[in-house]
Amino acid sequence: MKTWSVNLATWIGLSSILIWASLVAVVKLITESTSSVQGVALIYSFSSLAILALTGIPKITQMSKRYLFGCGALFVAYEILFLVAVAWGGSL
């Protein structure tokens, strides 16, 4: 493996941790002016459009349905639990 690709992967991993950590602050800022569901929907809609602009439309027909439904269910569960945690954290 080339050195530049290892360094790039390290920086991408570090930036993903920082972005994920700042998600709570972004959700709090946005949900103060909207509801929590609308705020997260706005954040993920913008994020998905940015990913589509950068990488293009994925070939969903080449992915297994088990993978799509499994990942979709895990994502929905994560979002519900994340919203509940942010909502409860703000009320303490």
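The exercises below, with worked solutions, concern the nonpolar core and the aromatic pairs of a predicted model. Local features need pLDDT of at least 70 and side-chain atom pairs count only at pLDDT 80 or more, while totals for chains, interfaces and linings use all residues. Residues are numbered from 1 along each chain as its sequence is written, and side-chain values use heavy atoms, with hydrogens and water left out.

**Exercise 1.** Determine which residues make up the largest nonpolar core and which elements supply them.

*Solution.*
1. A nonpolar core is a set of buried Ala, Val, Leu, Ile, Met, Phe, Trp, Tyr and Cys residues joined through side-chain atoms within 4.5 Å. Buried means under 20% relative accessible area, exposed over 50%, and partly exposed in between (1.4 Å probe, protein chains only).
2. Seven residues form the largest such core: Leu23, Val27, Val40, Ile43, Phe82, Leu83 and Val86.
3. Two or more residues each come from α1 (3-31), α2 (36-55) and α3 (65-91); helices are DSSP runs (H or I, at least four residues), numbered from the N terminus.
4. The largest share, three residues, belongs to α3.

**Exercise 2.** Classify the two aromatic pairs of the structure.

*Solution.*
1. Rings of Phe, Tyr and Trp (its six-membered ring) pair if their centres lie within 6.5 Å; planes under 30 degrees apart count as stacked, over 60 as edge-to-face and the rest as tilted.
2. Tyr44 and Phe75 are edge-to-face, at 5.4 Å centre to centre and 85 degrees between the planes. Because Tyr44 lies in helix α2 and Phe75 in helix α3, this pair ties together parts 31 residues apart in sequence.
3. Tyr78 and Phe82 have ring centres 5.8 Å apart and planes at 20 degrees, so this pair is stacked. Both residues lie in helix α3, four residues apart.
4. Phe82 is buried at 11% relative accessible area, whereas Tyr78 is partly exposed at 30%.
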